[in-house]
Amino acid sequence: MVKGKIAGALREAVIEAQRQELLPSVALPDIVVERPQSTAHGDYACSSPLKLARIMGLNPLQIAERVAHLIAPLPEVEKVEVARPGFINFTLRRDWLAREVEAIRHAGRDYGGVDLGRGRRVQLEFVSVNPTGPLHVGHGRGAILGDTLANVLAASGYSVEREYYVNDAGGQIDAFYRSLYARCQQEAGRQEEIPQDGYRGDYVVELARQIMAEKGDALLVMPREEAVAEIGRIGLLRVMESIRADLELLGVNFDVWFSEKSLYDTGQYQQTMSLLRAGGHMGEKEGAVWFASSELGDDKDNVLVRSNGVPTYFASDVAYHYNKFVARQFDTVINIWGADHQGHVPRMKAVLRALDIDPARLQIIITQMVTLRRGGVELRISKRSGELVTLREVVDEVGADACRFVFLSRSTDSQMDFDLELAKKESAENPVYYVQYAHARIASILRMAAERNIDISRGDVSLLVTEPELGLIRRMIELPEVVEIVAANLEPHHLPHYALELATAFHGFYRDCRVISEDEALTAARLKLVDAARIVLARTLSLMGMTAPERM
RNA sequence: GUCCCUGUAGCUCAAUCGGACAGAGCAACUGCCUUCUAAGCAGUAGGUUCCGGGUUCGAGUCCCGGCGGGGACGCCA
């Protein structure tokens, strides 16, 4: 990547200046190269002289000039300029830019990839919603975020696994089973109350109706406990299947569906608890078993096993993470949690310390809440209250591509409003179509070229010299940089913004430059450019999990 | 009360570990389709970056203090 090469050359130049005693020998901070906002400042810029001024006790402009003189010539760089108050600006060679078109076409659908991960194994665990009901929009945000991040990490040289943790043990699922049982009884015309802590949504009634229609007779003659278990077993399968289907609608798929219950069945739960005990991290208080997390950075201790002998969700989570890091040996684990789980971060980190696992290997992304509205009215999305708008309804109304784009555009730490009415109304003017339209236009040009049997292969990219052409190429070669930023910071929201800029560059080019014309040589050269633009745009859309339409 | 996230154009959001003039998309206004897709392009208008201090060459960004919004503080998950 050019950006990296420039940073490297800069660093060498600074070191060389120090060796020649033009600059004092101080410890150097990272030399950062960035994209200036204004094209007047070239393609890349470095503000390190400004930062070094204080450490070195010199005028930043002087530092910039001394460094600039010592920068080794790069084949990509046309000129290096020093600008007040102490920037070093780089402008790329036009002929080099033009040749990148060939490089992009050569790389094909792999273009944009980087090797940040060097094959390291990373697991992304996301969604992991309790299988007690349908997904809502908030879950969609985590799903899209996780899936896109997985795409980008895979493109960044990581070996990625996507995992959904199925909470098929514990109190919540039990309450769901009992609620479902009660609805089944009611379906059969018997008196039965929904439990206090139960689920009251209509979907439970609907599910009960289905189950009773299929297996009612057998279930009604079973003893209560047995019937609850059997109804629960069927209900869990049904709910998980509908969750899987809803996610698939959004284009989100998982490699592994990991059962919480399996941690108990395979003894991994007991094994992990023994480790904690052996490490002296457990204590008993008021009849319950506690994890001494306050000794490891948390602000309080946490219960592992209740006084009634039932393990908490947290206890399973300890075993689960031991499984991730030790049994399955992931180098890095990324968990995507909703804002309502942020309080769990310190205790999970404490768990890793207790298990002698580097806490830095666990990265937890907290996504802020999504408020769903229809017009001005806020809609409740709680599963227990019953009244809810499901993710499926939203995807049906708005479309998967638009959903993904909208969710991805916001940074994870911002809470967001999702107004269904607005999303629908705007759908014709949605930025998502702006981007996809660029792809459709490209496809249209390439179709026309194919119909006329134009031979692209003879195209000479050195004919690409005008600003709209070069501007488009400048945007295209930015993709690897964006991929790297997204992967390094786990911030997918840069992707849609980049997509918009790339589309803008293309639309501008389209207006200014007729592609298929009487000039055969120029036509072939521009077709190569258009083809490269298609590759970059399609890759960008594909990283976001969106379709790249041939026609619109 | 303590902790976490957040406050940027009328609306929804960006702003590259503190960088050059705070940018897009909708909405508003003015133009542009006999030529590869007008779901497009060009232009206009729109800002005390919640408020007040501080740090420095430089602050939307960092620190302190307020105010507003959301979330978490459970032997629920």
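## Terms and basis

Buried means under 20% relative accessible area, exposed means over 50%, and partly exposed lies in between (1.4 Å probe, protein chains only). This is a predicted model: local features need pLDDT of at least 70, side-chain atom pairs count only at pLDDT 80 or more, and totals for chains, interfaces and linings use all residues. Residues are numbered from 1 along each chain as its sequence is written, chains are lettered from A and ligands numbered from 1 in the order in which they are written, and side-chain values use heavy atoms, with hydrogens and water left out.

## Salt bridges

The structure holds 34 salt bridges. A salt bridge is a side-chain nitrogen of Lys or Arg within 4 Å of a carboxyl oxygen of Asp or Glu. Helices (H or I, at least four residues) and strands (E, at least two) are DSSP runs, numbered from the N terminus. Arg 244 pairs with Glu 248, with their closest N and O atoms 2.6 Å apart. Both residues lie in helix α8 (residues 224-249), four residues apart, about one turn of the helix. Glu 248 is partly exposed at 43% relative accessibility. Arg 244 is also partly exposed, at 30%.

Glu 467 and Arg 94 form a salt bridge of 3.5 Å, N to O. Glu 467 lies in helix α17 (residues 467-476) and Arg 94 in helix α4 (residues 94-107), so the pair ties together parts that are 373 residues apart in sequence. Glu 467 is partly exposed, with a relative accessible area of 41%. Asp 95 and Arg 93 meet at 3.0 Å, N to O. A network of salt bridges links Arg 35, Arg 475, Glu 478, Glu 481 and Glu 501.

Asp 317 sits in helix α11 (residues 313-327). Asp 317 is buried yet has no salt bridge. The nearest side chain of opposite charge is Arg 347, 6.1 Å away; Lys and Arg count as positive, Asp and Glu as negative, and His and the chain ends are not counted. Leaving aside neighbours within four places in sequence, Asp 317 is in contact (heavy atoms within 4.5 Å) with Tyr 165, Trp 337 and Met 348.

Two strands pair if DSSP finds at least two bridges between them. Strand β8 (residues 282-285) and β9 are antiparallel, with four bridges. Gly 283 has Trp 290 of β9 as its bridge partner. The two strands form a hairpin with two residues between them. In the turn, Glu 286 has a positive phi of about 50 degrees.

In a regular strand the side chains alternate between the two faces of the sheet. In β9 (residues 288-291), Ala 288 and Trp 290 point one way, Val 289 and Phe 291 the other way, and all are buried. Three bridges join β9 to β10 (residues 302-305), also in the antiparallel sense. Val 289 stands opposite Val 305 in β10.

## A parallel pair

Strand β11 (residues 332-338) runs parallel to β12, joined by six bridges. Ile 334 has Gln 363 as its bridge partner in β12. Five of the six residues of β12 (residues 362-367) are buried, so this strand is largely enclosed by the rest of the structure.

## A mixed sheet

Three strands form an open sheet of mixed pairing, in the order β14-β13-β15. β14 (377-379) and β15 (416-419) stand at the edges, each with a single partner strand, so one side of each lacks a neighbour in the sheet. β13 (residues 370-374) pairs with β14 in the antiparallel sense over three bridges. Leu 372 has Leu 379 as its bridge partner in β14.
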